[in-house]
Every structure is written in structure tokens, then in C-alpha cells.
Amino acid sequence: MAYLPSNILLTPEEMARADRMSAESGIPSFGLMRRAGYAVAATALSHFPAAVRFAVLCGPGNNGGDGYVAARQLADGGAEISVHALGDPDDLKGDAALAFQLWGGSVAPLREFQPQPGDVVIDALFGAGLSRKVSDEIAGVISSVERAGVPVLAVDLPSGVDGRSGKPLGAAFKAHCTITFMTRKPGHLLLPGKSLCGDIEVADIGIPRRIIEAAGGSISENGPPIWSAHLPFVGADSHKYRRGHLAVFSGETSKTGAARLSAIAGLKTGAGLVTLASPEDAMAANAAQLTAVMLKKVDTNAELSDWLENAKLSAFVLGPGFGVGSRARDFVLALKDSPLVLDADGITSFRDDPAILFDAFEDGETHLVLTPHDGEFGRLFPDIAADETLSKPDKALKAARRAHAAIVYKGADTVIASPDGRVAINTNGPPWLATAGSGDVLAGMIGAFLAQGLPAFEAAAAGVYLHGEAAGLAGPYMTAEDLAGQAGHAMADLVARF
Ligand SMILES: NC(=O)C1=CN([C@@H]2O[C@H](COP(=O)(O)OP(=O)(O)OC[C@H]3O[C@@H](n4cnc5c(N)ncnc54)[C@H](OP(=O)(O)O)[C@@H]3O)[C@@H](O)[C@H]2O)[C@H](O)CC1
Ligand SMILES: [K+]
């Protein structure tokens, strides 16, 4: 059984489409279920060789079918098995009915299941077909398993987790590990689903890759396949390792640190030049702490216009420590034709009338990157943020289309979306990234990729990925300075991979 590494993610609907396409191309659907069940049994044995009993909980659809196949396979191998079913197994249809026949052993009602010490629960209640909140009866079984502290192997998804959004519907198992088929689903990577899956294994059950690719939409795991072709150093001479001129706007005297973090991160991410644009009153504070980053006094709109006319600037970062208000709005509108990362105070400055921002960046190729965390997202897109029916990728995509911007919707499961429909879920950020100044560093990294000529979505996704890599190098006790400091090493590692 092959286990597939891939950055393609299929929603449950897309996976169902892949199933249909493979059936239409002549691949017997029961063969898929059989291989799925075998993979479950193999994973159960490899993860839990000392299990006293495998307690297989089977639902009323094909997820349950996988469970029956696994039960047969494990029983044939000599394992102790119990099978409990939701609903009457005689009502099963299609492949699930065939799988039940293949099992051929006894089945007790789910409500009679009582976990025992030494049990390993194989959770085959619901997978891709979960369509509504789980009942109190099922929630009761889930909590009895949790109370007993016995491990859970989830088939496809921990039952109760919505594969599209990662949200639990009513209640959900917390699995030790989850075995899914062909590709992971967004719900495996989005919170809280991610924290309920445990280790995730992906088994090849024989759907051809061309079908997976054709059935897939536009959601993928963030990683080099999305943006590496745009990196300037790929296949290039070393003189191209640094390029572009990034400008970062500093806040007033008492708030200059955030912009300096962005600027230093930008330099280490490969921008050829980085200039900090500083108000006069902050010049001394900035000058005292900068060496490789250049400094330019920019106080007024007129000074900004003059600078934009006379300097060759490739991209901008505005927001970290900048201050909320009309000066931020005026500067952003002056930058409307340039690649821009708008972060923090820059975002909040448009909370009263976000349409001014969205309209300003409407023309041409997408060249604005917005990097909101939850609070900032709610300020710019209050209706989208409040819509409980939307997943985080849905929200990011809707926001991207409205704002004509690449959106980096930050969090422990950062999502990057493009107005053209592409969405990436980031997975390499360690928990210690949630530290003061981390967002400032990210803005500088994205700004540097914009300055190096990456399109907005690719720059955003590459920046988020590099941020995660740098945090991994900096380790759990890092500060934002350490994080910015590791950007160069993380870039060197990336360069070495291409
Ligand atoms: N290519 C593959 O990946 C393959 C995957 N397989 C497995 O099949 C499931 C998906 O099977 P499906 O039958 O579509 O869906 P489920 O088994 O997950 O669930 C559907 C049944 O569950 C009922 N349901 C849904 N939500 C609830 C709820 N909250 N409470 C009670 N019952 C619920 C639903 O009832 P409806 O009334 O909504 O119709 C269905 O009866 C996938 O996850 C894999 O494990 C194949 O084995 C091989 C190919
Ligand atoms: K399941």
C-alpha cells in the first residue's frame, strides 16, 4: 500500500466526484472500499500492535463499509474484534451492504458499546458524508470513549468533523491517528479538525492521479509547488539572489520597532535594497538601530509623492506600528498602483469604510496583500466573518474577491486566498509563532517576495511558508528578532532545494 505525499486537498464533494469519475472509467467501486478497509486494518496493526480488542464502530454509509472490511481483515489475522453499528445493517446499500456481508460476523447496536481497557476504537461512523449535527446518542458514545481514555483510529475523518471546514458538528472523536484516502481533505488541516485527527496517513486506494487532479478544485496545502516557479533564484545566476527595492513605513518615535522588524526580515528574505520610510520625529530612533537597512524621511503626502516619482521602488509594507488614521489611508491611496502589503494598523485604518480600500486596488493584476488576523479580518469583512456557514477558506476567498487582494487570513491554520479562486492552507507554522512581532516579520517577508517580482498570491504564500520555516529554525523560545534573523537561513535552505 503506497502512502501519498501530495499538496492537493479534495473537499468531500470533490472526493465524491473522484469516486464517480473512477467508477465511470471502469474501476470497480467495491475495489476502492476493499483497499480502504485493508489500509485501515494495516494502520490499526502497525499503530496498535498490543491492542486487546479492536472495537469497530460502523455508520450507515460507506465509511461504515470501510469499517466492515477492516473488521474482516483484522479478524482473519487473528485479532479480537467487536462490531457495533449505527442503525440496522440490513438497511445498508451498495458497497457498504457488500462490505457488511463480507464481515459476516455479529453486530451489536452502537448504543450498547462500552469501551473496555485494552480497546482500540476504529471509528467508521461518518466520513465524507457527514451532513448534520451528530445526535445526543452518538455524542454520548464519543464522550464514553473519551472518558475511558482508549485510543481512536479514525477512518477518513474523526466522526463529527466536517471534512470541508474542520468544524465539529455537535461532537467529534479526538483520534490518535486518522487514515484517509488518496488525498487529505481541508478539514484535516483546518482547526479544530487538525487537532482532532492525530497523525494523518494517506493511503492509495487506486484512484488514478489524473482523476484526483481533474476532480480537485483549487484548495491545496501551502508549499513550494505553488510558488517555486516564480522564485527569482530558481535556475538563475547568483547575481539574481537579491533583487528589488522594498520600502517599509515606520511609525512614530515610540512605535518604530515593528517596522524595523519588517524591514530586516525583508532584507533577509532577499530584497536587494530595503528602505525604512520614517517620520522626522522617529529618524533618530531608527537611525540608531539600523545599518544595512536605509532610512528616508517621509512625513507628508507631498514627500511620499515626490519619493515615489524619483526613486525606483518595487514594493511596500505599511501597517506595522504605523498608527491608525487618515495618514495611513492617504499613504495607501497614494500607493494604489504599487505592490503593497497592508498589515495591522494599515488594515484597521479602513475599518469605517473598507470599500475605499477595495475600490482603490481594483485595477490591473492583483497587487495588494492583506494580512489580517481574526480581529482585523472582522473589521474589514464583518459580514463574512460572522457567517457561520462558511469555512475559513470560504471566508478568505470571499474576502479576496471583494478586496481585489491576496488575503493572508492568519492564525494557527493560516489560509491564503487569491481573487482568481486559488486557496492554500499553511501547515508548517509551529505554535510558538504566536509571539509579539511575528506578524511584522511576516509582512516584511511577503513584501520582499513582492519586491522580487512574485505575483501577490505567490508572494503571500511563499512568505507564510518561509515564516513557518524560519520559526522552525529559531526554536520554541524565539523572539521576533530571532525569527527575522532566521529568514536568511530559511531562504538558503529553500534555495538549496531548487
Ligand atoms: N474515494 C474514497 O475516498 C472512498 C471512500 N470511501 C469511504 O466512504 C466514505 C464516504 O461515504 P458516504 O456514504 O458518502 O458517507 P458517510 O459514510 O460518511 O456517511 C453517510 C451516511 O451517514 C448518514 N449521516 C450523515 N450525517 C449524519 C448524522 N449527523 N447523524 C446520523 N447519520 C448521519 C447519512 O445519512 P443521510 O440521511 O444524510 O443520507 C448517510 O447514511 C468516505 O469517508 C470513506 O470512508 C469508500 O469506502 C471508498 C472510496
Ligand atoms: K470516521
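A: Start with the word contact: two residues are in contact when heavy atoms lie within 4.5 Å. The model shown here is predicted. In it, Gly 170 is in contact with Lys 133 and Val 134, leaving aside neighbours within four places in sequence.

Q: Where does Gly 170 sit, and is Gly 170 buried or exposed?
A: Buried means under 20% relative accessible area, and exposed means over 50%. Gly 170 has a relative accessible area of 54%, so it is exposed. Its place is in the loop between β5 and β6, the latter being residues 177-181. As for distance, Gly 170 and Ala 44 are 126 residues apart in sequence and 26 Å apart in space, from C-alpha to C-alpha.

Q: Which residues does Phe 381 touch?
A: Not counting residues up to four places away in sequence, Phe 381 touches Phe 358, Leu 370, Ala 399, Arg 402, Ala 403 and Ile 407. Phe 381 is found in the loop between α16 (374-380) and α17 (382-386). The relative accessible area of Phe 381 is 0%, so this residue is buried. Phe 381 and Ile 27 are 354 residues apart in sequence, and their C-alpha atoms are 45 Å apart in space.

Q: How do I read a polar contact, and which side chain makes one with Glu 221?
A: A polar contact is a pair of N or O atoms within 3.5 Å; within protein, one must be able to donate a hydrogen and the other to accept it. The side chain of Glu 221 makes such a contact with the side chain of Arg 184, at 2.6 Å. Arg 184 is also among the residues that Glu 221 touches, and others include Ser 6, Asn 7 and Thr 427. Glu 221 belongs to strand β8, residues 219-221. With a relative accessible area of 15%, Glu 221 counts as buried because the cut-off is 20%.

Q: What are the polar partners of Asn 428?
A: A polar atom of the Asn 428 side chain lies 2.8 Å from the backbone oxygen of Tyr 465. The side chain of Asn 428 also makes a polar contact with the side chain of Glu 469, at 3.0 Å. Asn 428 is found in the loop between β17 (423-425) and α19 (438-451). Beyond four places in sequence, its contacts are Val 464, Tyr 465, Gly 468 and Glu 469.

Q: How do I read a metal site, and which residues coordinate the potassium ion (ligand 2)?
A: List the donor atoms, then look at the angles among them. The potassium ion (ligand 2) is coordinated by Asn 63 (OD1), Asp 123 (O), Phe 126 (O), Val 155 (O), Leu 157 (O) and Ser 159 (OG), at 2.6 to 3.0 Å.

Q: How many residues surround ligand 1, and which are the closest?
A: There are 22 residues around ligand 1, and the closest are Asp 19, Asn 63, Asp 66, Gly 127 and Asp 156. A polar side-chain atom of Asn 63 lies 2.8 Å from an oxygen atom of ligand 1. A backbone N or O atom of Lys 133 lies 3.0 Å from a nitrogen atom of the ligand. Taken alone, ligand 1 exposes 940 Å², and the protein buries 77% of that.

Q: What should I look for in the backbone?
A: Most residues other than glycine have a negative phi, and most peptide bonds are trans. Met 182 has a positive phi, near 70°, and lies in the loop between β6 and α6. Ala 344, in helix α14 (residues 344-348), has a positive phi of about 45°. A cis peptide bond joins Leu 191 and Pro 192, with omega about 0°.

How values were computed
Residues are numbered from 1 along each chain as its sequence is written. Chains are lettered from A and ligands numbered from 1 in the order in which they are written. This is a predicted model: local features need pLDDT of at least 70, side-chain atom pairs count only at pLDDT 80 or more; totals for chains, interfaces and linings use all residues. Side-chain values use heavy atoms; hydrogens and water are left out. Helices (H or I, at least four residues) and strands (E, at least two) are DSSP runs, numbered from the N terminus. Buried means under 20% relative accessible area, exposed over 50%, partly exposed in between (1.4 Å probe, protein chains only). Donors are N, O and S atoms within 2.8 Å of the metal (3.2 Å for Na, K and Ca); water is not among the atoms, so sites may look incomplete. A residue is near a molecule or strand if one of its heavy atoms lies within 4 Å of it. Accessible areas come from the Shrake-Rupley method with a 1.4 Å probe; for residues, only the protein chains shown count as cover.
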